[in-house]
Amino acid sequence: MSNDSASSKQKVTSTDEFIKGLWRDNPVFVQVLGMCPVLAVSNTAINALAMGLATAFVLLMSNILVSLLRNFVPKQVRIASYILIIATFVTVTDYAIQAISVELHKSLGAFISLIVVNCLILSRAEAFASKNTVSKSIFDALGMGVGFTFALFCLGAVREILGNGSLFDIALFPNGFQSWIVMILPAGGFFTLAIWLLIINKIQTRKTKS
Amino acid sequence: MNTESLGAIFLNACLVNNFVLAYFLGICPFLGVSGKMETATKMGAAVMFVMLISSMCAYGIHAFLVAIDAPFLQLISYIVVIASTVQLVEMFIKKISPALFKSLGIFLPLITTNCAILGVALFQTNKEYGFLESIVYALGAGAGFTLALVLIAGLREQLNFADVPKISKGTALTLFIAGILSLCFMGFAGLGA
């Protein structure tokens, strides 16, 4: 493809790359990737947001580096080198969060380190960043990152409101509210995600019908 | 040093804090290969083996990194060990049983990104387990993973014949079952304490 047509095409597609991560290819609701952190740290809205942002940051940085190096990394060792790149940025994030808020670091626990094995990041590196230009990869990472954070927030908010009667630690209901303890427990994570998937499926089927 | 007994560590890792149903680790293969009983069992065995090897290596690596005072290399070296173990298992299975190799498909190399395995390595470091305790912990976690996988696979095989609403087919339904199973496993709380 010549340079001219690539750049003119890019103007149209950059926003597309961004938008697709938000809804059509939402990493959580549609692709069902990166489930472990989604379920594990979505018990409160603030945890969910922090986790989403941390993942988005790692995704962005690794996408940039992978797409910069895409012509230099031999095909046979590409997965190993992607994982090394991701692990490096996760270590950076881990130390950064510890520096910003020890409390947050404690409540997220080992799950920050576990961003390394988030299939979402590796799949974007393999499926997108290794084949596309840097600027496109940035938009892709931003879209996917925001989509992921959004999905995490949807789960975290529902679980905190029902399980704790609050949102961002602000009580929402009068004193009589009986909180649904099950929602903050592991089982609640499975149920909440399942219900979100049902809603999304319903919307999708209605769309294809009309 | 942690003072739990070995039996308690095993029970804790396997049932009370089941890796899949309480910690949400290893959900991807859990959703992906739990469609058939046979594949689920073998996947469980493969994961358990990788867990055991990587847990032993992680113990050595951790001791070494403490000695040279470079804790920031922890994550990177763990993941490299896991990736090489998986490669080993992959070659082994390909040689022994090509049919199994095919049925596990993409999920075999993806064991590398199975959070449960890295989780075992990280948790045992956090809990400051000794060598023997680490091995028991890894075995327990592997057994718990296999148990959860087999349970779900059995349920899903039965549910294939059930007439569920169209929108709940697939992942959503599996998540509902997983939620109910997770509730059941809460009954084990306090067992290993």
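This is a predicted model: local features need pLDDT of at least 70, side-chain atom pairs count only at pLDDT 80 or more; totals for chains, interfaces and linings use all residues.
Biologist: What is the secondary structure of chain A?

Modeller: Chain A has nine helices and two strands. Helices (H or I, at least four residues) and strands (E, at least two) are DSSP runs, numbered from the N terminus. Starting at the N terminus, the order of elements is α-α-α-α-α-α-α-β-β-α-α.

Biologist: How many helices and strands for chain B, then?

Modeller: Chain B has eight helices and zero strands.

Biologist: Which transmembrane regions does UniProt list for chain A?

Modeller: An unreviewed UniProt entry lists residues 45–69, 81–101, 107–125, 137–158 and 178–200 of chain A under "transmembrane region". UniProt positions are given in the numbering used here, with shortened feature names, and annotations may be inferred rather than shown by experiment. In the model, residues 137–158 of chain A are 100% helix and 0% strand, and the end C-alpha atoms lie 31 Å apart. Residues 178–200 of chain A are 83% helix and 0% strand, with end C-alpha atoms 28 Å apart.

Biologist: What about the regions listed for chain B?

Modeller: The unreviewed entry for chain B lists residues 6–33, 45–66, 72–92, 104–123, 135–155 and 167–191 as "transmembrane region". Residues 135–155 of chain B are 100% helix and 0% strand in the model, and their end C-alpha atoms are 30 Å apart.

Biologist: How many residues of chain B are in contact with chain A?

Modeller: There are 32 residues of chain B in contact with 32 residues of chain A; two residues are in contact if their C-beta atoms, placed from the backbone, lie within 7 Å. On the chain B side, two or more residues each come from helix H2 (27–32), helix H4 (74–96), helix H6 (115–126) and helix H8 (171–185). H8(B) provides the largest share of that side, eight residues.

Biologist: Polar or nonpolar, that side of chain B?

Modeller: The residues on the side of chain B that touches chain A divide into 24 nonpolar, eight polar and no charged. Here Ala, Val, Leu, Ile, Met, Phe, Trp, Tyr, Cys and Pro count as nonpolar, Asp, Glu, Lys and Arg as charged, and the others, Gly among them, as polar.

Biologist: Which residues have the most contacts inside the largest nonpolar core?

Modeller: They are Ile86(A), Val116(A), Val47(B), Ile117(B) and Leu118(B), in a core of 113 residues. A nonpolar core is a set of buried Ala, Val, Leu, Ile, Met, Phe, Trp, Tyr and Cys residues joined through C-beta atoms within 7 Å. Helix H3 (residues 45–68) of chain A gives this core its largest share, 11 residues.

Biologist: What does Ile86(A) touch?

Modeller: Leaving out residues up to four places away in sequence, Ile86(A) touches Val58(A), Ser62(A), Val116(A), Ile121(A) and Leu122(A).

Biologist: Changing topic, where is Phe24(B) found?

Modeller: Phe24(B) is in the loop between helix H1 (6–16) and H2 of chain B. Phe24(B) has a positive phi of about 60° although it is not a glycine.

Biologist: Is Phe24(B) buried or exposed?

Modeller: Phe24(B) is buried, with 27 other C-beta atoms within 10 Å. Glu128(B) also has a positive phi, about 55°, and is not a glycine. Glu128(B) lies in the loop between H6 and H7 of chain B and is exposed, with 11 other C-beta atoms within 10 Å.

Biologist: Last topic: what ipTM does the predictor give the complex?

Modeller: The complex has an ipTM of 0.78 and a pTM of 0.80. Chain B has a mean pLDDT of 81, and 95% of its residues reach 70 or more; pLDDT is the predictor's confidence in each residue, from 0 to 100. Among the elements of chain B, the lowest mean pLDDT is that of H2(B) (75), and the highest is that of helix H7 (residues 131–159) (87).

Technical notes
Residues are numbered from 1 along each chain as its sequence is written. Chains are lettered from A and ligands numbered from 1 in the order in which they are written. A residue is buried if 20 or more other C-beta atoms lie within 10 Å of its own, exposed if 12 or fewer, and partly exposed in between; C-beta atoms are placed from the backbone.
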